[in-house]
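Dear colleague,

I am handing over the structure that you will be reading alongside this email. Please keep it open while you go through the notes below.

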Amino acid sequence: MSDDDIGNRSDGKDIREQEGSYMDACMFVIARSVYRNRWPLVIAWGVVTFFLTPPALYLVLRKTVGMDKTPPAGTQSAAAMQVLDSQFHNASTKRMEMVVMRCKSWCVDMEHNEVAQVYANQIKDRVERFGLEHPGSQVSFQSYFDFVGHHQLLNPFKSKDQQSILLMWTWSVPVQLKQKAEDFVVSLRDFIGSIDEFGGTGAMEVKLTGNIILDHEMKVSIFDFTLHEVKTVWLPILILGYVLRSARLLLLALTPMLFEILVGFGFLYFVSLSGLNISYYALMIMLMLIMALSWDYALFMLTRYKAEREAGATVEQATVQMVAKSGSIVVVSGVVLSICWSVMLGLPDMFKTFGIAAASAIMVCVFAQLTFVAPVLAIFPWLGPEAGDPMEVEPLSPTGEAMRKVEQFRHGVYYQIGKFLTMFPCNVIAFTSIYVLMMPLTARFLQNFDLTRFQFTEMGHSFEMTMPRGSRAFNTSLEIVQDFDFDLTLMPVLIFATNAVDDFAQSAGTVSAPLVNENLFRLNCEMIRTLIFETSGRPYALGAKSFQTPSVPIDKSYIHSGPFAKKVFKDLFGQLVCPSLNEMNLVRKSFFARHVLLTQTSEHLDVMWQEMVRKNAMLTVVNPAIDPLGPLAFDLERRIQEVLEEMQRRGQTTIPQLRYLTFSPAAVVTDLINVTSSALPGCFLVCVLICFSLIALWFNALLVPFKLFITVVVPVTWTYGAAFYVYEDGALSWLGIPGLAPTKNDGLDWTVPVFSLTFLIGLALDYDFFLFERVFEFRLEGFGDREAIQLGLSATGGTISAAGLILGLTFLALVLTSELPMMNQQGFVFVFSIVVDTFLVRTLVVPAMLSMSPWLNYWPREMPDPIYEWLDEENKPKFRLSSVGSVDSD
C-alpha cells in the first residue's frame, strides 16, 4: 500500500473511524494544527524561555525560603501571629545565632584564656560591623566575657563542665536583609573554620548554630541533592535510549528539559509575587517531576511516532497520529496529575505552593511534548526513523489493515502474559492472590489510619526530620541545650497577654484601658508558678530561668552555692519570687538603680521591657530545652494551653477583654495538622471524583472508573503500610541505609501522606489510563475483548515499564542521597508506589480485572462486534462479519 493511499484513507476514513468520539476529533484537530504551525511553535518556545530565564534564576538564588509553616487562617496560632506582627514586629523578624567555644585540651581558668578572648572579640567585631553596615538589622551581642566580673547576674554563658563558653547575638532579619544575613553567617562559618586550625596552648574548638545557618544548611542540602541528581541521570537516560533504540530520538527526548525547567521556575517567580512563599522543597519536587515526566511523556510520544513510521506512515501522518493518539494520553495524564496536585490548594499555605509548583511542572511538560517535541520532529524528520516497509500478513478482513498494524505487538513476554491473565479462572486467581498477598500491608496501614474520621493517626513530627542528617549546626544546638545551665532555644514558645483582640479573626488594636497593671503582673507570676508546677518531674520541666518576661521570676535554680542556700531560699521566699510592677519600675527607672547599684540589671530589664511590653499586650517567652517539634513539645503545648485557659478565665474578672495566645512551632504545627486533617478527606474526594469523571467522559464509559477504583485506591494502602513498616517498625534497618532507617522514634512524618496521597492516586490512574486507552483503541478496531486486552498489554508493557523505571529511579535519589529524613520518607513512598503500580498492578491486576465481565469496561457505549478473535480457540484465528455471521479461517 502506497503512502498516497494511506494519506487518502487518513483524510477521509480517519474522521469516521479514528475520530470516533468528540474527544478524539478534538485531538486530531489539535494534531493537524500543531503540524501546520510547527515553525511558530518552536520559535515561541525559544522566545518564552529567553524572557523567563532571568526571573527563574532570581527565584532560585534570592526568593526561595525554607519550609513555610504559616499558621492557617482562623486558628489560635494565626491570631497570635497577628499580635506578634502588629505589636511586636521586631520580635517577628528577630533571629538568634550562637557560637560555642570549647577547649581542645582541659582548661583550668576559662576567664583568663587569652586565646578565647581574642577569638570572641574578633567574632563580636564582625557581628557588630554587620549591624553598623545594615542599621535595619538591630544587632544585639552578648557573650561570656561581657558578664564576667558582675555580681548582679549569674553568668549563664559558661557550660556546666566549665570547658565551653557561649557567644550569642540576636538580630532582626527583614526580607530585604535575608540574603545578606545568610551570606554573612556563611562567611563567619568559614572564619570559624580557620580558628579551628589553631592547635597551640589555649586552642578552642569553635562551632556556629542559629536560625539563619540552619536555614542555609537546609538549602545547601537540597542544592547538593539536586547536583547529585543531575550527576546520576545517566541511568534513566540509558533506559530511555534502550527503549527508543535511536541516538537521535534520545537527543530529542532530552532537549526539552532545559526549556521546561526555566519556563516552570520563571512561572513560579510570578506566583511568588502574589505573596506565596516558594520553598526549596517545592523547587526540588518541581525539578524532579520535570525530569521524570519529561522523559516519560517523550517515551509515550516517540514510541508511537516510531511505530507509525515503521508501519509505513509519512512524516505528517506519523506526527498527526503521535499527537492525536499518544498526545491524548499525555494530555489526560497531565490533567489528572495536575488535578491531583491542585486539590492541595484547599490545604494550608505550606501545601499550596507544592500544589502550584507540581501542577505547573506537569503542564509545562505536557505543552512541551505537544508544541515543541512534535514540531521539532516534523521540522527535522531525520531525527526519527525512515518510513518502514511493513511485513505483509494474511488479511483477516476485507482490507487486512487492523491485523497488519498489530502484527508488531503479537509477540513478547507481555503478549504471553496477556493470554493467561485474560483466561478464566486464571484472571480471578491472579487478581485474588495478589490482593491476599498484599493484605498485611493494608492491615499495617489500618493501624495508623482511622477510617471513621479518614485521618492518619500517631504520625511523626520533629525538627530533626526537617534538618540534614548529621547537620553540624543542628547538633551544636542540641549540645548547647545539654551543656549549658541556660534555658535558651532557637524556637521558643511565645505567650501573649492582650486585651485588644476580641476575635481571632481581628488584628490587635487599642482600647481605652491599658493592659499592663499590677493585676496582670500578679496573674503572670501565677501563670509561671502553675507552669513550673505542672511540668515538674517531666523531661521538659520548666524553672524560672526558662522564662523571659517583664516580671522576671526568680526561683532556687538561680542559687548555685549548694543545697543549704536553696533550702534557705525556699524557706524565706517559697518556690518562686516575682517582683510587683512598682518594684520593677523602681529598678528600671530610679537613678541609683540605673547608675550606682544595679547598673547592668537595670539596663537589662529596661531593654526587656521595651521589647516585651506594649500598651495593650505583654509578651512572655518560654524556653523549654526540648526539640521544638518533637512529641514532648506537643505535650508541653497542651499543658500550656490548659494553664492559659484557666489564667484567662480568672483574669477576665479584673480585665474583661483579656486574651492569652501562644505562638510556637508546636502550636503552629498542631493547628496545621488539625486544619489539614479536616481538609484532606474533602481534597481526596474531590480529586477522585474529578479524575474518575474525566476518565468516564473521555471514554464515554461510566463504569470503568469503578473498576479502576479497585486498582488505584487499595494499592495506596499497600504503599503507606510498607512505609509504616519501614519507618515505624524499622523493617529495613538491617540494610544500614540511612534513608531507610527510622529517625529515632518519630516514625512516618505527618506531612508525607499530605504531600503524596493525591499524587499517588494520579500516578496510578496515569498508567492505568495509558493501558486502558490502548485496550479501548484495539476494541474499537474490531478485536475481541480478550484480544484487545492482550494487545493493549503487549503494546504498552515495554513503554510503561521503562517509564516506571525512569520515574522510580528519579525519586530513588530522594531515598538514597537526600540528607533530609522527611524527604527520604517521601521518596520511599513514591518509589514503592511506582514499582508496585508498574510491575504488579498494571502488569497483572488491571488486565485480569478488565477481563472479568469485559462489557462493563465500555458501558453504556456500544462497541462493534468482534472481528478478530484467536484466544477462544487455540491457534485458530476467527474472522467474523456481523452482517454475514462468522467465518473461520485457518
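What follows is a short account of what was found, going from the whole chain to single residues.

Please bear in mind throughout that this is a predicted model. The protein chain has 890 residues, of which 58% are buried, and its secondary structure comes to 31 helices and 18 strands. Its accessible surface is about 36,900 Å², with 61% of that belonging to carbon and sulfur atoms. If you take the contacts between residues at least 6 apart in sequence, 79% of them join residues at least 24 apart.

Several residues of α4 are buried, including Ala78, Ala79, Ala80, Val83 and Leu84.

Thr751 belongs to helix α29, which runs over residues 751–780. Thr751 has a relative accessible area of 4%, and because buried means under 20%, Thr751 counts as buried. Its side chain makes a polar contact of 2.5 Å with the side chain of Asp749, and, leaving aside residues up to four places away in sequence, Thr751 touches Met822 and Gln826.

Ile43, by contrast, lies in helix α3 (residues 38–63) and is exposed, at 53% relative accessibility. Together with Trp39, Val47, Phe50, Phe51, Phe380 and Trp382, Ile43 forms a nonpolar patch on the surface, whose accessible area comes to about 820 Å².

How values were computed: Residues numbered from 1 in each chain as written. Predicted model: local features only at pLDDT ≥ 70, side-chain atom pairs only at ≥ 80, totals over all residues. Heavy atoms only, no water. Buried < 20%, exposed > 50% of the residue type's maximum accessible area, 1.4 Å probe, protein only. Helix = DSSP H or I, 4+ residues; strand = E, 2+ residues; numbered from the N terminus. Polar contact = N/O pair within 3.5 Å; in protein donor to acceptor, adjacent residues only side chain to side chain. Contact = heavy atoms within 4.5 Å. Patch = residues over 30% accessible without salt bridge, like charges linked within 9 Å, V, L, I, M, F, W, Y side chains within 5 Å. Areas by Shrake-Rupley, 256 points an atom, 1.4 Å probe, with all protein chains shown as cover. Salt bridge = Lys/Arg side-chain N within 4 Å of Asp/Glu carboxyl O.
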